[in-house]
Amino acid sequence: MSKGLLISFEGIDGAGKTTQIKTLACALEDQGYKVSTLREPGGTDISESIRDLLLDARNQINPMAEAMLYAAARAQLVQDVVRPLLAQGTIVLADRFIDSTIAYQGYGRGLSIEGLHQLNHLATGGLQPDLTILLDILPESGSRRRQGSLFDRIEQEGLAFQERVRQGYLEMARVMPRIRVIDGSLPVEKISDIIIDVVTRFLKGDLRVES
Ligand code: T5A
């Protein structure tokens, strides 16, 4: 592979992205691919510092400042990590990317969707995922799965917020062919099989995602 691929994982909090990325990374490495995993916000020193600010439940951050902080973390990550990896032919598995901003700050917080697309474009220089796996679960399930852990600033927004985010994701999936929706309420192993099948077909060129 001369140029790498960017595959993003999306979904509401607790959808199972991190769990699935680990399994997919192993499966792709077994097939001989170079694979890197990263998370958003995060993945560089600066982006991890911004993550701390964003998720600290004691911080009161207004929606526009929140959107710009996510964009700042993303700009640093894309420039320092994602583009060099792609240039080396690596498959990059991203735990969240640009669609999170549209879903959370757009559909969740109510900021202008068009404005956020422009912000994403500025932050990434126009980089888009080649393929996006959207794990769809009900907000109640996500909340149940995270019971026992401390809720961060975004998780504290509650079920109605998560449902707006979820509907935003589903709306995006209806108009963006690169987004594949997978039922995140299935057993972990079943979801892994589906994802490995989708990604393998995509890598072979058997899955079309152009609009
Ligand atoms: N955000 C992020 C924005 O608002 N705007 C942005 O632009 C960006 C990039 C990030 C927060 O920031 C927001 C979104 C987030 O609120 P985070 O901690 O990275 O914070 O949040 P998440 O990405 O949501 O991380 P989570 O760990 O909560 O969710 P995951 O990774 O989707 O779920 P995972 O794999 O850790 O699984 C959660 C639990 O469920 C179990 C797992 O074992 C685990 O215990 N589980 C299952 N249980 C039953 N059946 C299955 N199929 C299961 N799959 C996993």
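Q: How far is an oxygen atom of the ligand from an N or O atom in the side chain of D13?
A: Do keep in mind that this is a predicted model, in which local features need pLDDT of at least 70 and side-chain atom pairs count only at pLDDT 80 or more, while totals for chains, interfaces and linings use all residues. Residues are numbered from 1 along each chain as its sequence is written, and side-chain values use heavy atoms, leaving out hydrogens and water. A polar contact here is a pair of N or O atoms within 3.5 Å. For the side chain of D13 and the ligand oxygen, the distance is 2.9 Å.

Q: What share of the ligand's accessible area does the protein cover?
A: A polar backbone atom of A15 is 3.2 Å from a ligand oxygen, and a polar side-chain atom of R74 is 3.0 Å from one. On its own, the ligand has 1,000 Å² of accessible area (Shrake-Rupley method, 1.4 Å probe). The protein's cover amounts to 79%.

Q: At what angle do α3 and α5 pack?
A: Helices are DSSP runs of H or I with at least four residues, strands are E runs of at least two, and both are numbered from the N terminus. Angles between N-to-C directions run from 0 to 180 degrees, with axes fitted to C-alpha atoms, for helices over the stretch in contact. The axes of α3 (residues 63-87) and α5 (residues 113-124) lie 8 Å apart. Their packing angle is about 30°.

Definitions and conventions
A polar contact is a pair of N or O atoms within 3.5 Å; within protein, one must be able to donate a hydrogen and the other to accept it, and residues adjacent in sequence count only if both atoms are side-chain atoms.
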